[in-house]
Amino acid sequence: MNFQNMKKALNRSRKAVLTLGVVSAGLVGAVVMLSAKLYSQSNQVVLVPTTVSDGMVARGTVDKGYVEALALDAVYAMYNSSPRTLHYGRSVLERLSGPAERASILDTYDRIAKDITERKISTVFFPRKIEHNFATYEVVVEGDLATYLETTQVTREDRRILIRFKPQAGSVRLAAIGKISAEE
């Protein structure tokens, strides 16, 4: 073997070792950054479990219990939200609402959903008291609305929510949902 061939082989091995070192350092750096992200981030969403019905009544038996269940479904869909559950809440409100009122209810929900998405928050409503006015198909749900940033509770406020229904084809459909101000 001559000196030139040995020098070329030595340079190739040095380049291979240097390349391996750079790639290894890059991989170690990536692992450290991913570990730091996992350590500093929480992927939990705090929500109150609920079951949502389809909004129809068999044989036209609309009673207080049924209207109350629909009201709670609507409240949970509107106020138990996180960036990952917005599509579900929208589909529930779409199913529960009447055709004439659906657009305005969904517009209200979309405004709330945009705020939740932009601020990356979750909201949870804890009902305390339910008041009925069965003659006018109105339900007032009183409770606490908590706002969470990841898993940390940021605010908790008293909230009164008015839910109006409208009779339709032997059933009732959601006609309006909204916060009752303190003056009312």
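Arg159 forms a salt bridge with Glu157, and their closest N and O atoms lie 2.7 Å apart; a salt bridge here is a side-chain nitrogen of Lys or Arg within 4 Å of a carboxyl oxygen of Asp or Glu. Arg159 is buried at a relative accessible area of 12%, whereas Glu157, at 31%, counts as partly exposed; buried means under 20% relative accessible area, exposed over 50%, and partly exposed in between, with a 1.4 Å probe and protein chains only.

The model is predicted, and local features need pLDDT of at least 70, side-chain atom pairs count only at pLDDT 80 or more, and totals for chains, interfaces and linings use all residues. Residues are numbered from 1 along each chain as its sequence is written, and side-chain values use heavy atoms, with hydrogens and water left out.

Helices (H or I, at least four residues) and strands (E, at least two) are DSSP runs, numbered from the N terminus, and two strands pair if DSSP finds at least two bridges between them. Strand E1 (residues 122-133) pairs with E2 in the antiparallel sense over 11 bridges, and Ser122 has Tyr148 in E2 as its bridge partner. The hairpin of E1 and E2 has 4 residues between the strands, and in this hairpin Tyr137 takes a positive phi near 55 degrees.

E2 is also joined to strand E3 (residues 152-168), through 12 bridges and again running antiparallel, with Arg164 in E3 as the bridge partner of Glu138. In the hairpin of E2 and E3, which has 2 residues between the strands, Glu150 takes a positive phi near 60 degrees. Strand E2 (residues 138-149) has 9 of its 12 residues buried, so it is largely enclosed by the rest of the structure.

Across the whole structure, a search finds 12 salt bridges.

| Residue pair | N to O distance |
|---|---|
| Arg128 and Asp144 | 2.5 Å |
| Arg156 and Asp144 | 3.5 Å |
| Arg159 and Glu157 | 2.7 Å |

The side chains of Arg128 and Asp144 meet in a salt bridge. Arg128 lies in strand E1 and Asp144 in strand E2, so this pair ties together parts that are 16 residues apart in sequence. The side chains of Arg156 and Asp144 also meet in a salt bridge. This second pair links distant parts of the chain, with Arg156 in strand E3 and Asp144 in strand E2, 12 residues apart.

Asp144 is buried, with a relative accessible area of 14%, while Arg128 is partly exposed at 46% and Arg156 is partly exposed at 44%. A network of salt bridges links Arg128, Lys129, Glu131, Glu142, Asp144, Arg156, Asp158 and Arg160.

**The second largest pocket**

The second largest pocket has a volume of about 240 Å³. Of the 15 residues that line this pocket, the closest to its centre are Ile112, Asp115, Ile121, Thr123 and Leu145. Helix H2 (64-79), helix H4 (102-119), E2 and E3 are the elements that give two or more residues to the lining, and H4 gives the most, with 5 residues. On a 1 Å grid over the protein atoms alone, a pocket is an open set of points where a 1.4 Å probe fits, with protein on both sides within 12 Å along at least five of seven lines, and lining residues have an atom within 4 Å of a point.

Technical notes
Points joined across faces, edges and corners; volume = space filled by probe spheres on them.
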